[in-house]
Amino acid sequence: MQCSLEGAAAEPEQAGRLGLTGTSSHPDQSLVDQKGLPRRDVILLLCALAFAHAPILINNGLIADDWLIFRIKPGYPAQIDFMLHGAGHPIVYVYCALANLSGHPIAFMKTMAIIGVAIGAINLRAFLGRLRVFSDFEAQFLTLLVWTYAGFQVWTAKLLATYIFSLALVFLGLNLFAAIAASKSPPIWWRPLSLIALFCSFAINSMMVVYLIGLLAVLFASPLGDRRRLASLPLLKRWVDFLALPFVYWFSTRLLFPRSGPYAEYYRARIPDLDTTLAAAGQFVEQGTYRLLEQATTLASETHRLFAIVALAGLAFVALSFRVERTGLSWRDGLISAAWLMVAGLTTFAVLLLPYIAIGAVPTGHFYESRHLLLFGIPLGLLAVSVLRILRSVPGTTPFALTAVVLLLTVNLCSLWDGYFHQQARWLRQNALIHGLQRAYREPPAAVFNLIDYFLEHPTHTWFGMSEVTGILHAAWDNRPLLGFLARNEPATILQDVDKMKKMPGSAFSNVDPWGLQARIELIPREPVLTNYRLSLQYYRCLVSFCETGKLTDALAETRVQVGPIPRVLGPKLD
């Protein structure tokens, strides 16, 4: 990032004068700050993350593919073979297999997510400090924003705990790599630990892009003297194992665990045209930024008290994190440093976008598609720090700049909690459906079910996918060849498509009978129909008062089952 700012004869002090470093740029210093993180900063960061992610602890809900993968009770038909023999995700397969072997897969994955958030935040904070591009306050702010980013609305999804943990591993590996680069004689175990952490992080393939961005930051986004030492071509031989690591993972997994069936088609890279690329980028911007503001506004209008609590929490974090720093920069140098950081943020956004656009994975309005947005807290954070520097470059404007930081943190946290309330309410609806089915029939009256969910007539409630409805049927009636879906959201050929899928090796739908007896399920909400926030609040109060949560879900909705053909759904193809 700095190479275009410095001539061949430039001295490292130039970077400090341009505001590109957060600490001293003395020529004798190494690339990274050898001092450990201030304990105060670590404690404050962990407390802020605990406050932001507390709802994870009490959300036992399952979302989307969680219903296919995790053995939530004895006799439940969990399917994970497709991760090896179809999707080509061997490390994710190991995580899920361990979760099922533990006997408590939901608790296992929640623990993985919480550990991932803590490890990832500490290592990202340390990594940013080592780069000497950010001040301590900027590093704290950026780290908190990345690890509470509300664009990623599925922090409670159990399978997606592997995403969170993989992001934590990539920051752990990068932090160790930066420490190795800075040390003349690093402990011997740092290098293999870094390589193992990075290799395992590639379980989610998009982490390779984050890794390459971080690698380039360590090798090139440094004062010139350090860059000569680290990134000169003869010395790049020192990093050949790190440079080769993504290619080793990619080719080994493709050779040993090739993708097949629908997964091969889903992950097939394409070269999009310009219109498609711009439309996809617009979707990422809309869902990753504007939607956050919309969700925060909706929640704030419903509960002013919660908005005030969140704003006070943001104010406390900024007040405790901010320390007056003497940079010695002119306003012009401050603007230059902000401009280059803005360029870095926009470039990072574009680079992170490429793999998603290549396979056509673009977030839509449905919250589960936000899983593609996990990494985009990084460019948002870089752009936010750039704006912070612009505001602070004018003398006397620091209070306004810090107010903007508090406002951004408040909006992000309100949006994050809106997502948590939404996911908690979905789980309560699912529980109501499970208990209603068990009360209506001891044995399933059919094999194929169309769910008619009248909650969808009310705002904020979202529909259940096929894997969710099928999983709910199995939770109610154990291991039977059952299939469920919302016909309103599926094509008329849904049964033909499922029949084709079940015959594929390692299919997640091998245990279904698409041509069995049909029925419809009606999920009818009881009045008053509460919003996601009100319903979640009622549940939290029930937990605090140790009341029986089953009574809460039983009073939520009425379930009716009627055996008969499902309209608008085609039968088997005739050969």
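In strand 2, F485 is the bridge partner of N450. That pair sits where strand 1 and strand 2 run parallel, joined over 3 bridges; two strands pair if DSSP finds at least two bridges between them. Helices (H or I, at least four residues) and strands (E, at least two) are DSSP runs, numbered from the N terminus. This is a predicted model, where local features need pLDDT of at least 70, side-chain atom pairs count only at pLDDT 80 or more, and totals for chains, interfaces and linings use all residues. Residues are numbered from 1 along each chain as its sequence is written, and side-chain values use heavy atoms, with hydrogens and water left out.

- Strand 1 and strand 3 run parallel, joined by 6 bridges, and D453 stands opposite L523 in strand 3.
- Strand 3 (residues 518-525) pairs with strand 4 in the antiparallel sense over 7 bridges, and I521 has V561 in strand 4 as its bridge partner.

- From strand 1 the chain crosses through helix 20 to strand 2 in a right-handed β-α-β crossover: with the strands pointing away from the viewer, the path from the first strand over the helix to the second runs clockwise.

**The nonpolar core**

- The largest nonpolar core has 173 residues, and W147, W155 and F171 have the most contacts inside it; such a core is a set of buried Ala, Val, Leu, Ile, Met, Phe, Trp, Tyr and Cys residues joined through side-chain atoms within 4.5 Å.
- Helix 19 gives the largest share of this core, 19 residues.
- Leaving aside neighbours within four places in sequence, W147 is in contact (heavy atoms within 4.5 Å) with residues including L49, H53, W155 and F171.

- Helix 8 (residues 136-146) is largely enclosed by the rest of the structure, because 10 of its 11 residues are buried.
- The buried residues of helix 8 pack against several helices, among them helix 2 (39-52), helix 7 (105-131) and helix 9 (161-182).
- N123 belongs to helix 7 and counts as buried because its relative accessibility is 10%.
- N123 and T143 are 20 residues apart in sequence and 9.3 Å apart in space, C-alpha to C-alpha.
- Setting aside neighbours within four places in sequence, N123 touches F171, L172 and N175.
- The N123 side chain reaches the backbone oxygen of I119 at 2.8 Å.

**T348**

- T348 is in helix 17 (residues 331-359), and its 8% relative accessibility is why T348 counts as buried.
- Beyond its neighbours within four places in sequence, T348 is in contact with I213, I378, P379 and L382.

Terms used: Buried means under 20% relative accessible area, exposed over 50%, partly exposed in between (1.4 Å probe, protein chains only). A polar contact is a pair of N or O atoms within 3.5 Å; within protein, one must be able to donate a hydrogen and the other to accept it, and residues adjacent in sequence count only if both atoms are side-chain atoms.
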